[in-house]
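Let's take a friendly walk through a protein model together. Please keep the sequence and the 3D view side by side as you read.

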Amino acid sequence: NTNSNAISKVSAQKETAKHKSHRLSNEIERIVQDHLKYDRENVSDLWELIHHEGEMKVYRREVEENGIVVDPLKCFHTVKGVTGREICHYFFDPTYRMDWETTLDSTKVIETLDKDNPDTLIFFQLHKRVWPSAQRDSCFWSHIRCVSTGEEDQPLWIVVNYTTDHAQAPIKSPFVRLVANVALTCETQIIEPPLNPKDIKRENLLCKLTYVAFVNPGGWAPAAALRAIAKREYPKFLKRFTSYVIEQTRDQPILF
Ligand code: 14H
């Protein structure tokens with residue numbers, strides 16, 4: 001099917017690592033490298049822990065720009081029984097988006113940058129009016145990548161969602177455009193590794209997940225309401241999304 005075809009294309013890229021450049025290549029490279037450098041760093045005391053539940057920790061910094069709330073958000077989570085590649089795959093692939101997203105009215109892919117290597121898609125999304133002000137939409141590139149670390153280690157997988165302009169997604173009132181820079185980074189650990197790697201079972205897998213979000217609401221919205229929504233919705237997203245991936249992969253062969 002189309003989907004497994006897309007998966008194998010992204011993994012093929014992992015082996016060959018030669019891909020065509022396109023109009024967004026430089027920007028993607030810069031933004032991905034920034035996330036790889038900083039996201040997994042522990043939080044300083046400037047960050048407030050707003051939610052702690054089991055392995056999940058959600059932090060934020062209260063920041064305003066010209067009276068608009070743009071609080072950076074950072075989450076750490078550990079998920080059992082799945083790989084980083086699996087988590088990133090379900091986060092990136094539009095096939096599953098509406099299964100786990102609860103804050104969207106719609107999602108649409110408006111461009112695939114390189115059809116031979118579909119690791120970058122441009123999305124147009126309409127957000128539910130959870131906002132106590134005008135309804136928001138978003139247009140962003142979404143990029144998935146596998147990053148090799150040391151020989152012994154499992155590779156890192158990362159997905160970055162970053163706001164972009166697109167002729168097929170003009171800003172139309174009454175909608176207000178969200179501006180975002182979001183990254184999900186995953187590292188797989190093998191616990192009590194069996195002697196033969198072929199014997200690795202799901203119970204041997206642990207995935208360290210980092211989710212970082214810089215979201216600007218794009219226009220005024222009441223600060224207190226926005227912060228209450230963020231505090232409720234980010235943990236809810238992390239729980240629902242990770243449970244979804246566990247559920248989807250339970251009886252599937254492990255995708256390293
Ligand atoms: O990351 C999430 N979803 C993806 C896939 O749909 C899209 C997201 C994004 C958001 C906005 C613009 C572009 C891209 O990366 C999961 C998001 C869960 C968010 C729930 C919380 C919403 C409350 C936000 C409050 C912001 C305060 C400034």
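The second largest cavity holds about 40 Å³ of space. A cavity is a set of points, on a 1 Å grid over the protein atoms alone, where a 1.4 Å probe fits but cannot get out. Grid points are joined across faces, edges and corners, and a volume is the space filled by probe spheres set on the points. Rolling a probe the size of a water molecule over the atoms shows where empty space is left. Searching the whole structure gives two cavities of 30 Å³ or more.

This is a predicted model, in which local features need pLDDT of at least 70 and side-chain atom pairs count only at pLDDT 80 or more, while totals for chains, interfaces and linings use all residues. Residues are numbered from 1 along each chain as its sequence is written, and side-chain values use heavy atoms, with hydrogens and water left out.

What lines the second largest cavity? Its lining consists of Thr83, Gly84, Arg85, Gln154, Pro155, Trp157, Thr188 and Phe256 (lining residues have an atom within 4 Å of a point). By class, that lining has three nonpolar, four polar and one charged residue. Here Ala, Val, Leu, Ile, Met, Phe, Trp, Tyr, Cys and Pro count as nonpolar, Asp, Glu, Lys and Arg as charged, and the others, Gly among them, as polar.

Now for a pocket, which is an open set of grid points with protein on both sides within 12 Å along at least five of seven lines. The second largest pocket has about 290 Å³ of space. Of its 16 lining residues, Asp34, Tyr38, Asp39, Val212 and Phe214 lie nearest its centre. Helix α2 (25-38) gives the largest share of this lining, four residues. Helices (H or I, at least four residues) and strands (E, at least two) are DSSP runs, numbered from the N terminus. The lining of the second largest pocket divides into seven nonpolar, four polar and five charged residues.

Next comes the ligand. Among the 24 residues around the ligand, Arg97, Glu101, Gln125, Asn161 and Tyr211 come nearest (a residue is near if one of its heavy atoms lies within 4 Å).

Taken alone, the ligand exposes 710 Å², and the protein buries 94% of that (accessible areas come from the Shrake-Rupley method with a 1.4 Å probe). Helix α5 gives the most to the shell around the ligand, with six residues. By class, this shell has 17 nonpolar, four polar and three charged residues.

How do the strands pair? Strand β9 (residues 156-163) and β11 are antiparallel partners over seven bridges, with valine 160 opposite alanine 183 in β11. Strands β11 and β12 also pair in the antiparallel sense, over 12 bridges, and glutamate 187 stands opposite lysine 208 in β12. Two strands pair if DSSP finds at least two bridges between them.

Finally, look at the backbone. Most residues other than glycine have a negative phi, and most peptide bonds are trans. Asparagine 66, which is not a glycine, has a positive phi of about 50°. Serine 173 and proline 174 are joined by a cis peptide bond, with omega about 15°.
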